[in-house]
Amino acid sequence: MKFDSPQWPLTLAFAFAGLADLLPPIRLAEEWLRNRAFRAAGIPVRVEQTTRSLIANLEDRSKQNGNTVSKDAKVASTSGLARMLKHYRDNWEEQFKLSDLAKESFGSRFARYDELLSLLSEIELLVVWAKTERGGWPGVEVSSRVREAEAKYIDQGDKLLNDLLRRLQEKLDVNKITHLAKARFDEYLSVVAKDAIAIRFELVTLLAIFLERDPDSPATVKPIDPKHPRPIDALADLLKTTDRPDAVGRGPEAGLLVLLIPTFVLITAGAWQGAQELVGLYVETSNARGVLLTSLVETLKIASLTFLPLLAAFSFRQYLWDTKDWAGIAPAKNRQRAARLNQMMACLGLGLTASLVGLTGVALLRAFSIAQNADYFNALLFNGPVPFMLYYPTLAATVIPLVPLCLAAADARADNRSGLVYAIVGACSVLLLLIAHGTFWDPSWVRGCLAIFEFVTAQCSRRLDTLSRLILIGLVFVSISVLGAPGPNRPRIRGDSIKVLLAFAGITLAAIGLVGPALAQDKIRVGFRNDVEPFSYQVTDEAGQSRYVGYLADLCHEIFDGPEYDVEEVAVTAANRFKLINGEAVEEKQPIQVLCDAVTMRFSGSGYDDAENDRSENSIYSPIVFASGVSYLMRSSRGPTDAIGDMAIGYVASTTAADVAFKSCYVDLLKAIAPPERQMMFERCHFLASAAAARQRIQQFLLSSPTQELALGPKQKKEREGALKKERDGALKAIREARQYAQDLSRIVFTQQNGDLAPVPSSRRFALAFLKVLTANCRDPSLACDNASNEELRSIAGAATDPVCPEQNKPATDQDATSWREYHFCPMESHQDLIQWFCQDDKKLRRVYMGDRELILGKLESWEAKNSPCVVEEANGFDYLTYEPYALLVTANDTKLVQFVQKRVYQIFSHRHPATNLFSSYFRDRKMSPALAYLFLLNAVDLEENYLIPSDSRPADGDKMKKTAPPLIGILPSPQEGSKDRAVSLSAHD
């Protein structure tokens, strides 16, 4: 079977249909389901059993002969039927007494006489019921053909009774009655009895059909007079005591099938308004097909959890009822608990099987609607963190309490007891199982959405499928408490319908009440940096109000410059930005929804910064909004001896520059090490980089640790402890890596070319000092430092600080002139600290400022505007060492916000003049790199004419055929441009 063909579902269906008849269990299940479907449609399926029950009741009441004294309450309650039958029996008995032939014929055969009297009284009553008023029963459910058949048998019954009455009223001379006349009369009575049995069977069969087509009992208007019963009272008594086809209850599946229609409508409305997660990540609410497909998948899921399992369970229950084997309907004192439990388990097994089959189909449908090829189809079903073939079938756990409680409630209602308690227990059980299911597949939802103010947001509503799960719980409650009541009459049906409608209306209002606030959620928190000129920095206007400006800051303001969202500006730093965007509160700051910062789009972390690995843990990148690359600035060498010092590379921690600095070290990119001194550069650089990373992670943990006990609630305290544990684990991991590289470096012996021992490199002395501090502060022999206190960690952070890099309130140590030259890594908290360190005069140390090219040039320009000149070797920075695509980060909990940001970014870039003016405003006298020029062109996905204001001027005739696409001249670089000066201007584009 080829799953990449759209015909595979039809092929699979034909295969199942062809094999079904060959499997006896499937054939038997198909028969049960067919009978349930016939019952729901009003097609009689139990006529024979009902007919036998009606005949047995008629014969029993005939034998009662009008006696109203009985220990059986059921028999005593039908005295009206017995009196009516006795009335007709007495009439016929009088007629037989007046006939001499009858006296002669029945003189010695009393049993035959009694049987014939019972038959005649029963036919007389059946004919009277058919000819007289039956209280409007049966209703329009009975077809005209059935009524015509009834009229036919009524005529036969009338003819039989009239002919017999004429024969009995014939006057004969007793002395002239011959033996032959007696024999002919006996033969005639035999034919009458035979015909009477046949007519009674047909008329009672029609009653059985009426009862199955319209199970409402005939209603009596006048009070019943026991001494003078009426035919309609007798009919009501007969139908009341008959083994009715619906006595065990109809089952809730028919009502559920009807309720699936408003369910589909409600889910469609929720998906359209953004309160229901759509079927695919990239399906928008404006996509009508996607919204309808989402509603179909969710409705089928709900049907697989309610309709299908209850249909299977109640079909088997009806089968056992028809065969008189169902133990649940027996009186409580006579019930066999073991038999009932076995039957319940059998029904539960059938329900679980049906639910699993349905949920598997839902998983296949959703995967098929999303996947573009067979590989993606299989990956959605069986791979990934939430494979469909495990996620959907595990929802069948909710069927475990549903089926037994629904069966028990049906038995209780059949015994005239309430099923409300069962309904409450069932709804609560399903709710708990849904919470457990959601926690298993998404453990972080408890932390992110458990609070009521978070539970009602659009993100949590979609994340938890709040709308569909509330509907499921409501349907469970209605199924157990209301639907499928046994033996209803029309007033009761109307009452049940009102209950169902009121219950479903209540569920709908509750769902809307919970997801309604999500629809009005339009205020978002946007994080801005204040130290990354020219991308985002803070200024104070003439009114004394501070605001964020810059290329990215203005871009974010332009994105949300509309009525859709109200922006709250939040200050973030390089250390806390990724925590805040990924839903983690930092100190007093709550999470943000959008991070407006120069964030490099990356899905794999740096080798020396584990914090980078989770930068998009719970967020999504926007389209690329800027293209840069890591470069560096180097202080200018003024004297002939200035170039002989060690190379100190400064960079902002938790950025891409950390990894670039390490790679620059072991390849000696800056040519700082003489060839004889390049021994073991890989090991030396590894230790230096790992020590810098360990220092940074320890400081990050210590800054996050509270200096005093905070007044927090239980939930906030637990979240705080979890965040601190994560920070501490990261710090300990960084320490272990630095320890390993320090041990490797400490075992290396450095020699000169002639074989003599070389001066010990400063990196090796640094490693030995670091190991000494570890030995003093880590009490375990392995130096893992798992139990180190904060003070001990602070000492380790000091030991991990390169001696030539400044610590807080502590100057750097001078380098040893006799040692080999070395690289040093000096990570700092911000670009402001970094530019201040870089521009200090120090002839003994060669300082390098490494970072994204536009950032370091912007900081250099800002410094020189406020301070003395900072002389560098290359005023425009050196070549790009990496490609750094910048993007905004948007919380993954709000797909609507993600789609909005994506659309607005493309719209802004498609409007050429504002986009290029934004670049020119913050990058004066600079040209775009080729990558950035291509980015501006590729992001302009829409026609600019859609964003221009129409003018009164009309184009010339020769211009009508010109294309509206922007010209490429002046945007794309020419092949002759050199690598160093590869930058192009957008002036032609303007």
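Author: Let us begin with a term: a residue is called buried when its relative accessible area is under 20%. This is a predicted model, and in helix H8 the buried residues are Val-146, Glu-150, Tyr-153, Ile-154, Gly-157, Asp-158, Leu-160, Leu-161, Leu-164 and Leu-168.

Reader: And how far apart are the end C-alpha atoms of H8?

Author: They are 36 Å apart, which agrees with the 36 Å that the 25 residues of H8, 144–168, should span at 1.5 Å a residue.

Reader: Zooming out, how many helices and strands are there in the protein?

Author: The protein has 35 helices and 13 strands, and of its 990 residues, 48% are buried. If we take the contacts between residues at least 6 apart in sequence, 75% of them join residues at least 24 apart.

Reader: Which residues touch the most other members in the largest nonpolar core?

Author: Those are Phe-388, Tyr-392, Val-403 and Ile-480, in a core of 60 residues. Helix H17 gives the largest share of this core, with 9 residues.

Reader: What is Val-403 in contact with, leaving aside its neighbours within four places in sequence?

Author: With those neighbours set aside, Val-403 is in contact with Pro-309, Leu-310, Ala-313, Cys-347 and Leu-348. There is also a second, separate core of 54 residues, which includes Val-630, Met-647, Ala-692 and Tyr-823.

Reader: Back to H17: why is it described as largely enclosed?

Author: Because 13 of the 16 residues of H17 are buried, this helix is largely enclosed by the rest of the structure. H17 covers residues 399–414, and its end C-alpha atoms lie 22 Å apart, in agreement with the 22 Å it should span. Just after H17 comes Asn-416, which takes a positive phi of about 60°.

Reader: New topic: how many cavities of 30 Å³ or more does the structure hold?

Author: It holds 7 of them, and the largest cavity contains about 180 Å³ of space. There are 19 residues lining that largest cavity, and the closest to its centre are Arg-577, Ala-598, Thr-655, Asp-852 and Leu-855.

Reader: Which elements give two or more residues to that lining?

Author: They are strand E6, residues 594–600, and strand E12, residues 845–852. E6 provides the largest share, 4 residues.

Reader: And what is the lining like by class?

Author: Sorted by class, the lining of the largest cavity consists of 8 nonpolar, 5 polar and 6 charged residues.

Conventions:
Residues are numbered from 1 along each chain as its sequence is written. This is a predicted model: local features need pLDDT of at least 70, side-chain atom pairs count only at pLDDT 80 or more; totals for chains, interfaces and linings use all residues. Side-chain values use heavy atoms; hydrogens and water are left out. On a 1 Å grid over the protein atoms alone, a cavity is a set of points where a 1.4 Å probe fits but cannot get out, and a pocket is an open set with protein on both sides within 12 Å along at least five of seven lines; lining residues have an atom within 4 Å of a point. Grid points are joined across faces, edges and corners, and a volume is the space filled by probe spheres set on the points. Ala, Val, Leu, Ile, Met, Phe, Trp, Tyr, Cys and Pro count as nonpolar, Asp, Glu, Lys and Arg as charged, and the others, Gly among them, as polar. The expected span of a helix is 1.5 Å times one less than its number of residues. Buried means under 20% relative accessible area, exposed over 50%, partly exposed in between (1.4 Å probe, protein chains only). A nonpolar core is a set of buried Ala, Val, Leu, Ile, Met, Phe, Trp, Tyr and Cys residues joined through side-chain atoms within 4.5 Å. Contact means heavy atoms within 4.5 Å.
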